[in-house]
Amino acid sequence: MAKLAASSKCFKCGKPAAISLNYMQQDLCQSHFTEMFESRVKRTAREYRMLRKGEKIAVALSGGKDSCVMLHMLHGISKSLPIKLFAITIDEGIAGYRCRTLHVAKRECRMLKVPLKVISFHKEFGKTLDSLLKKKGVERSCSFCGVMRRYLLNKFARKMKADKIAIGHNSDDVAQTVMMNLMRNEPERLGRFGPLSGAIEDELFITRIKPLFLTPERDIAAYAIMKGIEIEFSECPYARHAFRQYVREMLNKAEEKYPATKLRIVRAFLAQQKLMQDGVRMRRGKEKILRCKSCGEPCSREVCSLCTMLERS
Amino acid sequence: MEITVDGRKVRIRSASTVADLLGALKLNPEETLVKVNGKLAPGGKRISPKDSVRVMRVIFGG
């Protein structure tokens, strides 16, 4: 195992430390950690011009730690930058899991006075994720769920006149996505991925922003605990079947031995992102974004992947 | 020494640190946070049998 920082004193002030950050080779006290955390999120939002005065932001709120912390951060930012926030929670219909995080989402929105819209798979598609996976099998659960969630988030954010959708992807998610796309030889997907979406523009696509893009998942959990944000530390029952879970474990093992591996993957991706985006624009620029014959949403084929998927289920 | 982790008794070397504890439990520090006597603690924090230790797994899918 890689050695944790040897000192238990804060690197900045010498007071008792609350956390070891191996990727920075520093221990920090609660006050300096939260200060560093908040300034990193704000810097990310500023650097990628994620937020503009007067915008209406739909916060994709699952009720897990990442989206709850992002909601708190955006709420804090909204005190100095006039932006309007509302949250969208998707209830996929996962027995014994989503009801708990849904409760957290409702509680946090009530506390911060942020309007919340709950949208369910059952109401929109006539089936829950649980019932869908009984027929489809659990192996591709995250792919199905992801397509359905993205579809609903985009559709309802647009319906509610949002300028942007804020997604709680953290730097661990980013490193995993980069590795997964490399391991699957799907580099074009990376051209459409980033802190800010928009490689393919269409009036029906709402821009997605990721303020936690450069923030490690463990830091988010620590911040939630330090700030007294009551989070459910629970795992989606389908997550263990996903390819992402394999990549997550692989990267965490590498991180333990070679600290900062995950952030280095994110940085390497960002250094090449422009080239990959240009590649997508060159190829896709000649193609027209179509409207799905079945649901009318934007897509690259005659029938979108969601409608194809639901038709086969 | 014997220490209680999330209600379970765990045997570790005396004068151990949080990092030693995670090593003894074969837990990846990248996936966990540790509270000692109710407060988050860094890897170098020394722990004694009198301490109440809580190890939290905080990296999840979903």
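**Close-up views of the predicted complex of chains A and B**

Figure 1. Chain B and chain A are joined by 2 salt bridges, a salt bridge being a side-chain nitrogen of Lys or Arg within 4 Å of a carboxyl oxygen of Asp or Glu. One of the pairs in salt bridges is Arg57(B) with Glu235(A), whose closest N and O atoms are 4.0 Å apart. On the side of chain B that touches chain A, at least two residues each come from α1 (18-24), β3 (32-36) and β5 (53-57) of chain B. Helices (H or I, at least four residues) and strands (E, at least two) are DSSP runs, numbered from the N terminus. The model is predicted: local features need pLDDT of at least 70, side-chain atom pairs count only at pLDDT 80 or more, and totals for chains, interfaces and linings use all residues. Residues are numbered from 1 along each chain as its sequence is written, chains are lettered from A and ligands numbered from 1 in the order in which they are written, and side-chain values use heavy atoms, with hydrogens and water left out.

**Figure 2. The contact surface of the two chains.** The contact (heavy atoms within 4.5 Å) draws 31 residues from chain A and 24 residues from chain B. About 2200 Å² is buried between the chains, 62% of it from carbon and sulfur atoms; buried area is the accessible area (1.4 Å probe) that two parts lose on being put together, summed over both. In chain B, the most area is lost to chain A by Glu30(B), Leu40(B) and Phe60(B), which together account for 27% of what that side buries.

Figure 3. Asn28(B) lies in the loop between α1 and β3 of chain B. Its relative accessible area is 10%, so Asn28(B) counts as buried; buried means under 20% relative accessible area, exposed over 50%, and partly exposed in between (1.4 Å probe, protein chains only). Apart from neighbours within four places in sequence, Asn28(B) is in contact with Asn252(A), Lys253(A) and Glu256(A). A polar atom of the Asn28(B) side chain lies 2.8 Å from the backbone oxygen of Asn252(A).

Figure 4. Because 9 of its 10 residues are buried, α9(A) is largely enclosed by the rest of the structure. Among the elements covering its buried residues are α1 (30-47) and α7 (171-183) of chain A and β3 and β4 (39-40) of chain B. Just after α9(A), Gly228(A) takes a positive phi of about 70°. His241(A), in the loop between α9 (217-226) and α10 (243-257) of chain A, is partly exposed at 33% relative accessible area. His241(A) and Glu139(A) are 102 residues apart in sequence, yet their C-alpha atoms are 5.7 Å apart.

**Figure 5. Two loop residues with positive phi.** Most residues other than glycine have a negative phi. Lys113(A), not a glycine, has a positive phi of about 60°; Lys113(A) sits in the loop between α3 (98-112) and β5 (116-120) of chain A and is exposed, at 75% relative accessibility. Asn37(B), also not a glycine, has a positive phi of about 50° and lies between β3 and β4 of chain B.

Terms used. A polar contact is a pair of N or O atoms within 3.5 Å; within protein, one must be able to donate a hydrogen and the other to accept it, and residues adjacent in sequence count only if both atoms are side-chain atoms.
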